[in-house]
Amino acid sequence: MSDCRVGVDAGGSRVTAVVADARGTELARCSGPSVPLGEGPVEGTVGAVEEVVRAAVRRAGAELPARALWVGLAGAGREPVRQRVEQGFVARHLATHVRVGTDAAAAFASAFGEGPGILLIAGTGTIALARDSEGRRVRVGGWGAWLGDEGGGHWIAVRALRSVARAEDGRAQPTALRSAIMAHLEIEGPEDLIAWTDRATRGQLAALAPRVIEVARDGDPVASAIVTDAAAELRTHLLALVERLTAAGSADAADPPLRLALWGGLIAEGGALRPVLLPLLEPLGLELTTTPVDPALGAARLAGVESARAGC
C-alpha cells in the first residue's frame with residue numbers, strides 16, 4: 001500500500017483524479033472521458049474512473065492500492081446507487097479505504113474545507129449547498145432532470161428546443177434559436193431535432209446552453225427570456241438556502257456574511273451565464289469568494305479526512 005490519497009471528480013463528461021500526500025499536497029493529476037451514471041451499467045462508470053485513477057497514480061510515481069480513495073460522482077446522491085458504485089471500487093482494490101460521494105460534496109470541500117459557506121453549482125444540472133458555522137448543512141435543488149435542475153444547461157437547452165418546435169408550428173413567435181441550433185448541430189431542419197434529441201445524452205443537450213446564451217446576447221427575445229429565467233431560478237436556490245439557514249438560527253447580525261462560491265460550466269469564472277447572474281446576487285449580502293474551486297483536489301482532501309477517521 002502506498003501512502004497517498006486519491007480524489008476523483010467524475011462529472012457528466014470528464015473524470016479528473018488527483019493524487020495527494022498525507023498533508024493534502026497535490027502530487028499528480030490525470031483526466032479522461034466519463035461514463036455518467038444512468039447512461040450504461042455501473043461497471044462502465046467504475047471502469048472509466050479506474051482507468052484515470054491508475055494513470056494518475058503512475059504519474060505520481062506511487063503504487064496501488066492507495067491509502068484512501070474518495071470519488072465525487074455525479075448522480076451518486078441516492079444511497080442505493082452510491083453503495084453499488086462504492087462496492088464496485090472496493091472490488092477493484094484501488095485503495096484500502098474507499099468512499100463515494102457526490103461531485104457537489106467534493107466541490108464544497110475544495111471551496112470551504114470544513115468551514116462554513118454556500119456553493120451554487122450550475123452545469124448540466126443545478127444544486128446549492130450550505131454549511132453554517134455550527135456545522136449545520138442545507139441543500140436546495142439537485143432533484144435531477146425530471147424534477148428540478150432549473151437554470152442548468154439541460155434545462156436551458158430543453159426550453160430552447162421547445163421554443164423552436166412551438167415557433168415552427170406557429171404556436172409561438174419566431175426565434176433566432178432556430179438557425180443557431182441548426183447550425184450548431186449541423187442538421188438541415190427542425191424535423192431532424194426529433195431524431196437528435198432521441199439519441200442525445202444529457203451532457204450533449206446541456207452543451208447547447210452556451211449557444212442559447214449567445215443568441216440572447218445578440219438580442220433575440222425568446223432566448224433572452226430563457227436566460228433571464230435561468231438566472232432567476234439560480235437566485236431562487238440561494239434565497240431558499242438563506243431562508244432555511246435563518247430559520248435554523250444560523251444567521252446572527254454580528255456574524256460576517258457567508259462566503260459564496262460559484263461552480264459549474266455555466267457560472268464558474270468565464271461561464272456564459274455568470275455575467276447575467278452576478279447582478280442578481282448582489283442584494284443577497286453574500287461574500288463572493290475568489291478561491292478557485294477544484295473538486296478533484298477537494299475529493300483528495302476528503303480522502304485524507306476519511307482515512308484519518310477510519311484509522312488507516
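Predicted model: local features only at pLDDT ≥ 70, side-chain atom pairs only at ≥ 80, totals over all residues.

1. Numbering starts from 1 along each chain as its sequence is written, and side-chain values use heavy atoms, without hydrogens and water.

2. Helix H6 (residues 177-185) packs with helix H9 (residues 209-217) at about 145°, and their axes lie 10 Å apart. Helices are DSSP runs of H or I with at least four residues, strands are E runs of at least two, and both are numbered from the N terminus. Axes are lines fitted to C-alpha atoms, for helices over the stretch in contact; angles run from 0 to 180 degrees between N-to-C directions.

3. On the H6 side, Leu177, Ala180 and His184 make the contact (heavy atoms within 4.5 Å); on the H9 side, Arg211, Val212 and Val215 do.

4. Most peptide bonds are trans, and most residues other than glycine have a negative phi. The Leu64 to Pro65 bond is cis, with omega near 5°. Pro65 sits in the loop between helix H1 (42-59) and strand S4 (66-73).

5. Asp149 has a positive phi, near 60°. Its loop joins helix H4 (144-147) and helix H5 (153-169). Asp149 is buried (under 20% relative accessible area), at 6%.

6. Glu186 also has a positive phi, of about 55°. The residue lies in the loop between H6 and helix H7 (192-199). Glu186 is exposed (over 50%), with a relative accessible area of 73%. Partly exposed is the range in between, and the probe is 1.4 Å, with protein chains only.
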